Every structure is written in structure tokens, then in C-alpha cells.
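Please keep the structure in view while reading.

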Amino acid sequence: MVIASMKNVVKRYGEMMALDHLDLEIQQGEILGLLGPNGAGKTTAIRALCGLVGVDGGEISVFGLAQGVNNVLIKKDMGIVTQEITVFTDLSAGENLRYFGSLYGLRGAELSQNVARVLEFVGLSEHAKKRPSKFSGGMQRRLNIGCALVHRPKLLIMDEPTVGIDPQSRNHILESVKQITAEGTTVVYTSHYMEEVQAICNRIAIMDAGRVIAGGTLDELVGRIQYEDTVRLTAVMPSDALTEDIRAISGVKSVVVSGSTYVIVSGADSGNLNRIMEIAMRHGGVANISADKPNLEDVFLTLTGKKLRDDKEGQ
């Protein structure tokens, strides 16, 4: 069952087309991973889906209702976890949850019960009276998620929820997302960490240039290139000449270059590994070379020609 959809959605900022006739469906009960390089339109799509920005064309439907910036009926059953920490530092963890719960109309015993439930869920029961300014980054992130969950949303949007936190807190959040879905909440999850999407998402949509360019389960997406040979090469002296010589090899279908890393896709059973190695040696040498089985990162690179995140970004 489709819980939300975006059909032929257009959003412009001046001359820039942020969403270019975007089509996206979200199935009830799934964790949908939304991937895309920087500038692909993911954040704009999320803001439009939540009714935070208007669009210039197309249709957005959530819970069977037409979405719009004034549609409070939809907003009361949605939650959003933003990239930025949006809790109040002068309120305690418990007070933050009570405040956000009250915004969604919770009162009295129901509010108190939900606050207690969420504190336990995000592992902050013992810190309910502490202010988030005293928390670690991971604890702040967990409180941020709790504030989006306190009203038991039917649809939860999570935009980069694990940026800049330690591995233990990241694992806690990923396990929490799976539990949220098991309890009936549908989740849209964006991340710059491919391994997170592979670990928790039932289905994946890849965006580029304001539209969805591929979608499906992990196996379906990988299956698109599973009959091709993929060679990953780290060149000692990357150059345009090396790139052109590799592209000229018979059977090579695509060459994606990111810094000194080359991802080379050839037709099935091309046997190009040795040829690629020989050419790279003539152009200054090879730091590393391997023939990989296709994975989600290979699909992403092949479809967009870009990495999901820069190597220099924080882990």
C-alpha cells in the first residue's frame, strides 16, 4: 500500500531546477533509503514531502491527502529528524520531549506516557532532567530523534541522522530505526553512509539532478550490473591520458574517476583486468587493483558518475 507519493513534482529556485518532474512512491511499513550526490535534490524533496516548501508543479499525496504547506492533518502524523540538532539547550531532555509532544496536541497522561516511553526507547531515561548541552553528540542525536517520535508518527523522515557521531551511537540509531518500523512506522532515510542504507533499508531510490534515476531492492539494483565485470584501480599518477586509454579498451562500458580511484565496468567475461593493469603500468603504476563483485556503491557510481560522500568528510 502506498502511504505517500510524489508525481511529476517540479520545484525551482530562480533559474535552478531543484526537482525536475520527480516521481517517488513510499510503501507503508518500509524503510526507504533515499540516496543521491550533493545537489541531487534530496533535501528539497523531503521538505516538499513534509509540506515545508511549496512546489511549482506536480502532485504530492500523503496518507491519501493532498500535501500543501498548510495541511496540518498530514503534519500531525509525520515526524522529521533534520541534519541539524533542533532541540532546545535551555530545556532538559524530558522538557524537550514534552514541548514537542504538546505541539502535536498531546496532553496530560498521554503526553507523560509518551515522554517516558521515548526516553526509554532512545536510552536517555537516566538523563531526563539533564540539559542537552551536557550531552555527547550521540546523545543529542538520540534526543533529536526522540522529539520526532514522541507523537507516534505514521511516517518518519530521517535526513542524515547519524552525521558526526561515534560508531556506538550510530549502531544504536540504526537498531532503533528497525524497531520503529517493526512497530508500524514507515521511514524515509537519507544518508551519506552507503553501509547504513545497505544495512537497514528494504528499498532504495537513487536521485540525481532532481529526479529518481533508479529504484528497487538492493538485490534488484545490484542485479542491473551483476553480469558486468567491475575493476577498481588506484593509480599512482592519475591522468586524462590514462582515463582515455582505459576507455579505449574493447569491452569497457564506463570509467568513473574520483581522485586517483578508477571504477571500470566492462561487459561480461571481458577479461579486461590484465589489459587495464598493463595500461596503468605504462601511465605511472598501480597502487592497488581488484576485481570486485558489484555492490550498491558500484551501482551508485555507475548511475551518477559520483561518489556518495567525499573521502575527506568526517566518519
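Helices are DSSP runs of H or I that span at least four residues, and they are numbered from the N terminus. On that basis, threonine 304 is found in helix α11, which covers residues 296-304. The model discussed here is a predicted one.

**Helix α11 and threonine 304**

Buried residues in α11 are Leu296, Asp298, Val299, Phe300, Leu301 and Thr304. For threonine 304 the relative accessible area is 9%, and because buried means under 20%, this residue counts as buried. Its side chain reaches the backbone oxygen of phenylalanine 300 at 2.8 Å, and, leaving aside residues up to four places away in sequence, threonine 304 touches Pro37, Ile206, Asp208 and Ile213. After α11 comes glycine 305, with a positive phi near 70°.

**Helix α10**

Which residues of helix α10 (residues 273-282) are buried? They are Ile276, Ile279 and Ala280, and because they cover an arc of only 100° around the axis, they lie on the same side of α10. The exposed residues Asn274 and Arg282 are carried by the face of α10 that is turned away from its buried side. The packing partners of the buried residues of α10 are β11 (229-235), α9 (240-247), β13 (261-266) and β14 (286-292). Glycine 284 follows α10, and its phi is positive, near 115°.

**Helix α5 and its two partners**

Two packed helices are described by the angle between their axes and the distance between the axes.

| Helix pair | Angle between axes | Distance between axes |
|---|---|---|
| α5 (residues 137-149) and α6 (residues 167-182) | about 15° | 9 Å |
| α3 (residues 93-103) and α5 | roughly 25° | within 8 Å |

Since angles under 35 degrees count as roughly parallel, α5 and α6 are therefore roughly parallel to each other, and the crossing of α5 and α6 is right-handed. In this pair, Gly138, Arg141, Arg142, Ile145 and Leu149 of α5 meet Ser169, His172, Ile173 and Ile180 of α6.

For the other pair, the axes of α3 and α5 cross at roughly 25°, which makes α3 roughly parallel to α5. The crossing in which α3 passes α5 is right-handed, and the contact is made by Ala93, Asn96, Leu97 and Phe100 of α3 together with Leu143, Gly146 and Cys147 of α5.

Technical notes:
Residues numbered from 1 in each chain as written. Predicted model: local features only at pLDDT ≥ 70, side-chain atom pairs only at ≥ 80, totals over all residues. Heavy atoms only, no water. Buried < 20%, exposed > 50% of the residue type's maximum accessible area, 1.4 Å probe, protein only. Helix = DSSP H or I, 4+ residues; strand = E, 2+ residues; numbered from the N terminus. Arc of directions from axis to C-beta. Contact = heavy atoms within 4.5 Å. Polar contact = N/O pair within 3.5 Å; in protein donor to acceptor, adjacent residues only side chain to side chain. Axes fitted to C-alpha atoms, helices over the stretch in contact; angles between N-to-C directions. Parallel < 35°, antiparallel > 145°, perpendicular 65-115°, else oblique. Left-handed = near helix turned anticlockwise from the far one by under 90°.
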